[in-house]
Amino acid sequence: MDIENGDNRWFSRRPEEGEEAQWLKESSQPNRKFKFQARQGRKCKMHKGSCNCGAVSFTVEGDLAPPDACHCSQCRKQSGHYWASTDVPDDRITIHGEDNITWYQASEKVRRGFCKTCGCFLFWDPIHHPRIAVAMGAFDGATGAKLGSHIYVADKGGYYEIADGLPQNEQ
Ligand SMILES: [Zn+2]
Ligand SMILES: [Zn+2]
């Protein structure tokens, strides 16, 4: 199967070192199909994202876990509203331009990453766990993911209501 879905492409196997750069170059040409040779029979979907200025970009391999929307005061202050993200295992994300990320140590266990040039809040990283939360707003094109729940609703702002029928967790 070799299909395109928005900006994302299916691969017949995981790209190897060096091939990702080629894929990024190729994918900048709209409507161009790009296919790796089948070798291991594994299908992977690649999702791309970036900050506003492009100094930081990333690719995530595989389907995205259902995102949650966090209404905690830190996410609200950092994003300007509430913040939706998806949890990605560390070994499924490749970050480009990490030198351009400022990591704000929000607590002993968590750091928050944003572009030091344009300020986009991209990552929420629980440093002792092998996963990272990636901002849904940073992905380019359709991801196929749908919001799954709201969290830290106890801290939500008073200027909006949550009315989408999704589960709401106080914490
Ligand atoms: Zn930027
Ligand atoms: Zn939060």
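**Chat about a predicted chain**

Biologist: Hi! In β7, what is the bridge partner of Thr59?

Modeller: Thr94 is the bridge partner of Thr59 in β7. Please keep in mind that this is a predicted model, in which local features need pLDDT of at least 70, side-chain atom pairs count only at pLDDT 80 or more, and totals for chains, interfaces and linings use all residues. Residues are numbered from 1 along each chain as its sequence is written, while chains are lettered from A and ligands numbered from 1 in the order in which they are written.

Biologist: How do β4 and β7 pair, and over how many bridges?

Modeller: β4 and β7 (residues 93-96) pair in the antiparallel sense over four bridges. Pairing here requires DSSP to find at least two bridges between two strands.

Biologist: What about β3 and β4, in which sense do they pair?

Modeller: Antiparallel again: β3 (residues 44-50) and β4 are joined over five bridges. Met46 has Glu61 in β4 as its bridge partner. The hairpin of β3 and β4 has six residues between the strands, and Gly54 there takes a positive phi near 85°.

Biologist: Stepping back, how many helices and strands does the chain have?

Modeller: Two helices and twelve strands. These are DSSP runs numbered from the N terminus: helices are H or I with at least four residues, and strands are E with at least two. Along the sequence the pattern reads β-β-α-β-β-β-α-β-β-β-β-β-β-β.

Biologist: Now the open sheet: what order do its strands have?

Modeller: Its seven strands have the order β8-β9-β10-β11-β6-β5-β12, with mixed pairing. β8 and β12 are the edge strands, each pairing on one side only. From one strand to the next the twist averages 30°, where axes are lines fitted to C-alpha atoms (for helices, over the stretch in contact) and angles run from 0 to 180 degrees between N-to-C directions.

Biologist: Which residues face each other across those pairs?

Modeller: Let's go along the order. β8 (residues 101-105) and β9 run antiparallel and are joined by five bridges, with Tyr104 opposite Arg112 in β9. A hairpin connects β8 to β9 through four residues. β10 and β11 are antiparallel over two bridges, and Phe123 stands opposite Val134 in β11. Val134 is also the bridge partner of Thr86, and β6 and β11 pair in the antiparallel sense over five bridges. β5 and β6 are antiparallel over three bridges, and Asp68 has Ser85 in β6 as its bridge partner.

Biologist: Changing topic: which residues of the largest nonpolar core touch the most other members?

Modeller: Among its 26 residues, they are Cys115, Cys120, Leu122, Val134 and Ala138. At least two core residues come from each of β4 (57-61), β5 (68-70), β6 (83-89), β9 (110-115), β10 (121-126) and β11. A nonpolar core is a set of buried Ala, Val, Leu, Ile, Met, Phe, Trp, Tyr and Cys residues joined through C-beta atoms within 7 Å.

Biologist: Is Tyr152 buried or exposed?

Modeller: Tyr152 counts as buried because it has 21 C-beta neighbours inside 10 Å. The cut-offs are 20 or more other C-beta atoms within 10 Å for buried, 12 or fewer for exposed, and partly exposed in between, with C-beta atoms placed from the backbone. Tyr152 lies in the segment after β12 (149-151) and has a positive phi of about 55° although it is not a glycine.

Biologist: Why does Ala142 count as exposed?

Modeller: Ala142 counts as exposed because it has 11 C-beta neighbours inside 10 Å. Ala142 sits in the loop between β11 (131-135) and β12. Lys48 is 94 residues from Ala142 in sequence, with 9.9 Å between their C-alpha atoms.

Biologist: Last one: what is the mean pLDDT of the chain?

Modeller: The mean is 83, and 75% of the residues reach 70 or more; pLDDT is the predictor's confidence in each residue, from 0 to 100. It stays under 50 over residues 1-13, which have 37 contacts beyond four places in sequence in the model. Residues 17-41 are also below 50, with 23 contacts beyond near neighbours in sequence. Where pLDDT is low, the predicted coordinates should not be read in detail.

How values were computed:
Contact = placed C-beta atoms within 7 Å.
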